[in-house]
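Open the model in your viewer and keep the selection tool at hand. The stops below are given in the order in which to select them.

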Amino acid sequence: MNIAIVGAGKLGYKVAAALSGGDYSITILDKDEAILQKISQQLDVMTINADARNISVLKQLNIETFNYLLAVTDNDETNILIASFAKTLGCRRVIARVREPEHMNQLGFIKETMKIDSIINPDFAITVEIYKYLVEKYTLSNGIFTSGKIALIEFPSKRYTKLIGLSIPEVRSMLPEMLVVAISRNGKVIIPHGNDKICQNDYLYMIGEKDKIIALNKKVHEKGKYTNVHKVMIIGGGKTGFYLAEKLAEFGAAVKLIEKNKNRCHYLSTHLNNVMVLHGDGTDISLLEEENLHEMDAFVTATGYDEENLLLALTAKQHGVEDVISKVSHESYKDLIEKMGVDMVLNPLDITASNVLRFVQGSKKIISSLLIQGQAEIMEIVAHSHMKLIGVPLSQLELPDGVLIAAIHRGQQVIIPDGNTKIQWNDRVIILNLLSEIGDMEKLLKNKN
């Protein structure tokens, strides 16, 4: 499968790196030769130093032979134009990154008129995940996500105190027909392994046969706590801050949005309804205290600087704010995040790259997928005979730490697998993977050589 990526920035690189582990031939186009040279040394891809707005470049590339083109330059109009050109010249499917609110208000018209198959927006994608957390507390349809005879439940460990302190094998012994597939701990989602133990303030994601999970849900599900967010403070009036403030205000929350750029404040105040826009430096703790930080139900840091976001999130936590969410784009902060006690940390690159991959894979591999706290994804696939995971004991698949085979539908049978389980042709397999490790997922779904 041929895939062209126009734009060698963070998102373009992230998608290319993830896809390079699968059955794809990838070509990256960019006007910056130095960036392309760096990428060619790190990834097994073809690089072309050219301006893809020039249709002669797309024709020389034989874009009509490509299955997908992804336009992710730093300019919305450029992305729309390149995607439209590629589609007109015969590329099968085209995707464009579009971020500006003015364009988001007319996406349907843009897609139809410019013949674009899919539009992605990292800022809006992260907004959706934050909104789901704050307003719905990430309930999976009131606690349960179901697929056929298999169900997934999310609940705090304190609702089932017998599990606290137990290792994963001990939990499996106590609940043999269920499996803990993920743990949300101090703002970070982890896939647990044998040595991991359940802690006091963990949120557990447990999968099993539907009837047994429903019975467990009656014991552990917390009712009536999912729409109690009334006051929210957002630091950073960029695109994420804009989208989130707009969505929360529509929900009915009282939103304070702090932005240090005066011109940006003017834009925000004239484009947002029922949002208090404050001109000030969000790193000024005295300002936050004057604006009653301690009274907030939620605090979201969405500036363009990871260090600033994490520091402010920690400050809010120290002031007793219940829900603190931070936007962080660098993978190098993963270990630090877990020690800080922030409630939720989201990476817009991970979420958007996952959206792109699901679109590229389409219905051939993925039946359905669902994000867990914007950091992990649970998906259901149909096992085809050409997949390399067929007929091999799971213990021999050398699954990476960020991927877990959670359950298997085999006809009318539900299997909660162990190391000896072998996936068979036509099994419907439920897999959990961390978005930060989406490249590992592509390798797992790769065809046999």
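Select α1, residues 10–19. The model is predicted, and in it seven of the ten residues of α1 are buried, so this helix is largely enclosed by the rest of the structure. To see which ones, colour Leu11, Gly12, Lys14, Val15, Ala16, Ala18 and Leu19; these are the buried residues of α1.

The space in the largest pocket comes to about 710 Å³. Which residues lie nearest its centre? Select Arg99, Asp123, Thr303, Gly304 and Lys327, which hold that place among the 36 residues of the lining. Colour the lining by residue class: ten residues are nonpolar, eleven are polar and 15 are charged.

Is Ala249 buried or exposed? Its relative accessible area is 13%, under the 20% cut-off, so Ala249 is buried. Show the residues around Ala249: setting aside neighbours within four places in sequence, Ala249 is in contact with Val255, Asn273, Asn274 and Val275. Then draw a distance from Ala249 to Leu272, C-alpha to C-alpha: the two are 23 residues apart in sequence and 8.7 Å apart in space.

The last two stops concern backbone angles. Select Lys115, in the loop between α6 (107–114) and β6 (118–120). Phi of Lys115 is near 60°, a positive value in a residue other than glycine. Lys115 has a relative accessible area of 48%, so it counts as partly exposed.

Finish at Glu398, in the loop that runs between β19 (376–382) and β20 (403–410). What is the phi of Glu398 near? The value is near 55°, again positive in a residue that is not glycine. With a relative accessible area of 71%, Glu398 is exposed.

Technical notes. Residues are numbered from 1 along each chain as its sequence is written. This is a predicted model: local features need pLDDT of at least 70, side-chain atom pairs count only at pLDDT 80 or more; totals for chains, interfaces and linings use all residues. Side-chain values use heavy atoms; hydrogens and water are left out. Buried means under 20% relative accessible area, exposed over 50%, partly exposed in between (1.4 Å probe, protein chains only). Contact means heavy atoms within 4.5 Å. On a 1 Å grid over the protein atoms alone, a cavity is a set of points where a 1.4 Å probe fits but cannot get out, and a pocket is an open set with protein on both sides within 12 Å along at least five of seven lines; lining residues have an atom within 4 Å of a point. Grid points are joined across faces, edges and corners, and a volume is the space filled by probe spheres set on the points. Helices (H or I, at least four residues) and strands (E, at least two) are DSSP runs, numbered from the N terminus. Ala, Val, Leu, Ile, Met, Phe, Trp, Tyr, Cys and Pro count as nonpolar, Asp, Glu, Lys and Arg as charged, and the others, Gly among them, as polar.
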